[in-house]
Each structure stands twice: as C-alpha cells, then as structure tokens.
Amino acid sequence: MVRVLASTILDAPIDQVWAILRDFNAHDRWHPAIAQSRIEDGPADMIGAVRRFRLQDGSELREQLLSLSDQTHEYRYCLLASPIPLMRYVARVRLRPVTDGGGTFWEWSSEFTPPAGRGPELTALVRDGIYLAGFEAIRARLRGDAPVARSSSPSVMPTSPLATRSGNSRNRAIVIDRHGGPEVMHLQEVDLPPPGPGHVQIRHTAIGVNFIDVYTRSGYFPLLDPPGTPGMEGAGVIEALGDGVTGITIGDRVAYACPPVGAYAERRNMSPDLMVHLGDDISDQTAAASLLKGVSASFLLYDIGRVQAGQTVLIHAAAGGIGQILVQWAMALGARVIATTSTAKVGLVESLGADLVIDYTAQDFAPTVLAATQGQGADVVFDSAGRTTFAGSLEATATRGHLVSFGQASGPVGSHDIDRLASKSITLSRPNYAHYTDTPDKLAPHVSRFFGTLRSGEVKLAAPNLYPLARAADAHRDLETRRTTGALVLTV
Amino acid sequence: MARAYTSCVIPEPAPDVWRIVRDFNGLANWTGFVNDSRIENMMRADQIGCIRSFRLKDGGVIREKLLALSDYDMSCTYSILESPMAVTDYIATLSLTPVTDGNVTFAEWQADFDCPPGREEELTRHIGGNVFQSAFNALKKQLSGR
C-alpha cells in the first residue's frame, strides 16, 4: 500500500472552488488529462454514482463516488476499472477555508497497492499527472485564463500501451482457428472489451497447461468452437470490474480452474464466481500449476475414490502433474500406494514415497499389482491413461474395488462390456471435472483441502516447467509426448 | 452551540510549527497574550488529562484541560474548566496540516461552546479574532523573525 498526498492553497473562496470540484462528472471540463466523462446512471452527486471517462490517450476508466459532504467540503471515490494498475485505489478530495485572507486549502490524497516494483513510478504518475496537474488547471481557471483546448492539450497521462481508441484494449492470446495438433495454436493480437456486467478482467501472470487443453485443441472435447482460445486455469491480478460485481476487487490476487476456455491470453474477462483468492504463501505459478490438478485430486480421493487408511491404491501416470499429487496425498491418507510410470521416471516416483513403483514399459503392471497384493488387487485404481491401461486396470482392481477412469492420455478408453464388471462387483466411475466443481459451494472444500496439503507439506510440488505464452504449442508437444514431469505453466 | 473557526497559512514547514504549538504549557512562548503558565499536579505537559493554568497579560486566569494530543495528526484538543469568558462546554482543537505545495503549513483552530443567548456572535468574533487569529499572527511574526 502506498499513499499519495498533495495539497495547495488557492486564492479563492471555498464556495467558488467547491462549486467546480463538487461535480463528480465535471472533471472533463477542468482537468487536462480527462477527455470526456459521463455518469453511467443517475445524478453526479448520488452516492454510488459511477463516472466513466476517457483520458486524452483514449484509455477508459471508471470511478465510483463513495462519499460526498457539502458540510465538510470533501468527497471520496474509488477506481473500478483502469488500464493503469492502481489497485485498490481510493482517493479523497478535501477543502478547508483559510479564514485569514479568504483562500482555500485543497488536499488531494489516495491510497493504492501498486504491482511489485512499480510503486515509485505510479506514485509519481498520480501525484504529478493527476493531482498537481489538477491544482494548476483549477488555479488557471480561477485566474480567468481560457480553458485549455482539449484537442491541443498535452496529455499529462502517459500513453497507456494497452489502450486503443475504442475503449477496448489490445491483448495477446493463443488462438486456434481449427481443431488439430499443436501447430494450430498461434499467438495473435485480439481486442479485449471492458468486462461486461457480472464479469471481471484478470491479467494473467501464470497459466496452467492441462491435458484437457489438448482435448480442447484437438476437438476431442467440444469445449471450443474455432476460432477461440484454449485454457481453463490461470492465476493473476484483477484489473477491472464490470457492473454488479461483489466480493472481489481490483488488485485481488486470484486463481481459477474452470470453464469456459480462454486462459491462454495475457488478459481475459470472465465471471469471478469460481475464482479463488490466493494467500501470500501460494505463488501465482504454484496456483496456475496446481489448482486444477489439486482440486481434481481432492474430489477423486474424497468424493469418488473415498480412499481410506489401509487401502491399496493404484495410480497410473504417477510422474505427471496430477499423478504426483495423488501419490503424495494418498500416502498422507494412510493408503498403500502402487504407482506406474515409465523407466526414466521411476526414481522420481519413488522419491515421492510410493510403496511400490512399477515401470510399465518393463513389465505388465496388472500381474505385478496382483502379486504385490496376494492376488487381491487394488481397492481403488486411478487411471488417467485410458486406452493402454484400462483393461489392465480392470484386471488389477480388487473384488468390490473401484476403478476411477478420469483421463485418456494414451487414447480413448473405447467400448467395453460392462457385464464383466460383475465378475468382481467392480464400481466404475467416469467423473467430469465440472460436475464436482461448478459452483462455489462445491469448489470451496476442495480448494481449502488442497491448499491445506500444500501448507502442511503433505503434498510437495516440483517447480513447474515454464514456457512463455507464445510457446504454448511447445508446451503441448512436450505434454503429449510425455517429455515432462510435473506441471507445465505458461508465463506472461 | 456556537463555533469559532480560524485558519491561516504559516509559511514554514508543519513540523517546525508543531514543535512550538504542541507544548501545552507553552502559550506564553508564542501567543503574545499569555503572561505565564504552569501545569497543575506535577503532571507533564503532554500527559493527556493534564491541566494548564495560565495568566493573561490583562490579568485574567484560565484553566484548560488537555483532552487529546497527537503528534501523528499534529493536533491538540482541550476544554476550558475556568475562564473570565462567559462560555460553557468549551472544547477547542488546534491542528496543523502540511501543504505540499511550497512545504508550508495550514493551521486551524476551532472552538465549540455554549454561551448566554444573544452573545454568540460577540464571543465567536472575540475567540476567533482576538484569541486565535491574534495568536496565529504572533506565531507567524515570531517565525518570520527567526
């Protein structure tokens, strides 16, 4: 939090100064930085009034009147939306009479939270570009100078690199124009309008890459009708609010892992309903790398698999992003964990603490699981590999066991005869992420449970593999060819 | 209830002005109309609740109680316990605010009080002018002569 304060003495009676400043919508008639302003609804002296105004450089801002007093000659207002990251900006304009001489004391102050490292620059911008420029403009007006012609006035606000004349802002995003391989993803400039009613604008700092994004891109899941932007997981900072948004504000650090797609972008607009506030101990990269996987692990273990201490759990793709979480978390729950992975990653999975690690490239995993369980099989099987593992997973599942098929990294599971499940009374689950996470009430317990395991150290996350946003296609290639271990994150 | 309010700009940085006016026992040093002052009961001058008893140059005695003092806000609030003026429930606040433009000081002195009907205007003028403004004038003169 930084505080900016500027004050001056004007050689005019307070009533004359207040008559100019009191009008919340009149700043475009006296402040040189403001090109045009209008009140969105109702009168300008109604508490809660929102002024929508354009700076000389074309960028658009919205501010809301919080208080106004004709008795103490002061008002306060806050910023609702701005291309300049003055987060949690609340300002106060205050006048006092100077009885000795008949002048006016004018104080203009604010508090806001700047992004890391940008405090001095933004403080100077607010003080010089807004407050001191405003003082001089009012002084000139009181002297009777002709108002500065707007078209020729120098812009005292720096030109925002993100602003365009339309009020939309420029934004870079990965766009796919048809379903296909990684090569269909390209970084493009796209227009981003201000957030609509009930929506917020988030500036991503980290974007999670998940297998569901591969299915989005390929068209296996009908999540995206090209052209469009994939991605369902991100973390960053709220930069603008649409009308009617509550419970979240500019400057909040948040993360999300939910539809609709569109996360592979510098910024996006979306509903904040399923956004999660991040504590100081959860970094943006950690959140983007793990929220979807951690929440998935939570409902897989608690709501679907209902894993209990003493049970045997088989986890495929144990070196993958979600696999690593499942292994550690199932261990913490007291389960006996058998994990499968490929040769190169055996050491990694062993280091997570799995009781038995099977190199599926060297041996058939199903007989090995049966042998390790005195022929009983695993009580719960988590299978995200799909085609190559499904039949073996059925074989490795215990009588009255539970096979949870939640992915198809190796290809679609295909058709199977469910009559065969009866031979061991097997329960088969085929969960869909959305059905366990699509309301704040459903999502919240998973988020708090998962962040709890991070804080307690029960689940430790390796640093994610980082790719610049422009190299999203490389990230998909590496994910699909299993070249990576752990999570993949796009950085902005 | 009547109110006297006086404010002025003192062309010195606020901390320098505050150093002088924060002394609740220091009216004799800067107001020009106080002869001598003492704090009762061996209390300190910046102890909230202390009472200053001072004699005006015209002989009148005033006792005032310190209600609030803030070095952070540069403000001081006190009430009158006893005075030759016909005021009751008198509470005054002297406060300083820095003016960033020129690094000077905006000084305010305000008093709220009750008085016999019909005397509001006279007392407001007296307190705002003969007391507050005249003290400010003396202070400005003293600072400009340094």
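## Briefing: core, chain contact and backbone details

The largest nonpolar core in this predicted model has 162 residues, and the residues with the most contacts inside it are A:Val313, A:Ile315, A:Leu326, A:Val327 and A:Ala330. Helix α5 of chain A, residues 284-304, gives this core its largest share, 10 residues. Below you will find a closer look at A:Ala330, then the contact between the chains, and finally some backbone details worth a visit in your viewer.

**Inside the core**

- A:Ala330 is one of the residues with the most contacts inside the largest nonpolar core.
- Leaving aside residues up to four places away in sequence, A:Ala330 touches A:Leu301, A:Val307, A:Val313, A:Ile315, A:Ala335 and A:Val337.
- Two of these partners, A:Val313 and A:Ile315, are also listed among the residues with the most contacts inside the core.
- As general background, nonpolar side chains tend to be buried together in soluble globular proteins.

**Where chain A meets chain B**

- Chain A brings 13 residues to the contact, and chain B brings 14 residues.
- On the side of chain B that touches chain A, at least two residues each come from β1 (2-10), β6 (88-99), β7 (104-114) and α3 (120-144) of chain B.
- The largest share of that side comes from β1(B), with five residues.
- Sorted by class, the side of chain B that touches chain A holds seven nonpolar, five polar and two charged residues.

**Cis peptide bonds in chain A**

- A:Pro226 and A:Pro227 are joined by a cis peptide bond, with omega at about 0°.
- To find A:Pro227, look in the loop between α4 (211-218) and β11 (233-241) of chain A.
- Another cis peptide bond, again with omega at about 0°, links A:Pro259 and A:Pro260.
- A:Pro260 sits in the loop between β12 (253-257) and β13 (267-270) of chain A.

- A:His73 is a residue other than glycine with a positive phi, near 55°.
- The loop that holds A:His73 runs between β4 (60-69) and β5 (74-81) of chain A.
- A:His73 counts as buried because 21 other C-beta atoms lie within 10 Å, and the cut-off for buried is 20 or more.
- B:Met42 also has a positive phi without being glycine, and its value is near 60°.
- B:Met42 belongs to the loop between β2 (34-39) and β3 (51-56) of chain B.
- With 7 other C-beta atoms within 10 Å, B:Met42 is exposed, since exposed residues have 12 or fewer.

Conventions
Residues are numbered from 1 along each chain as its sequence is written. Chains are lettered from A and ligands numbered from 1 in the order in which they are written. This is a predicted model: local features need pLDDT of at least 70, side-chain atom pairs count only at pLDDT 80 or more; totals for chains, interfaces and linings use all residues. Two residues are in contact if their C-beta atoms, placed from the backbone, lie within 7 Å. Helices (H or I, at least four residues) and strands (E, at least two) are DSSP runs, numbered from the N terminus. Ala, Val, Leu, Ile, Met, Phe, Trp, Tyr, Cys and Pro count as nonpolar, Asp, Glu, Lys and Arg as charged, and the others, Gly among them, as polar. A nonpolar core is a set of buried Ala, Val, Leu, Ile, Met, Phe, Trp, Tyr and Cys residues joined through C-beta atoms within 7 Å.
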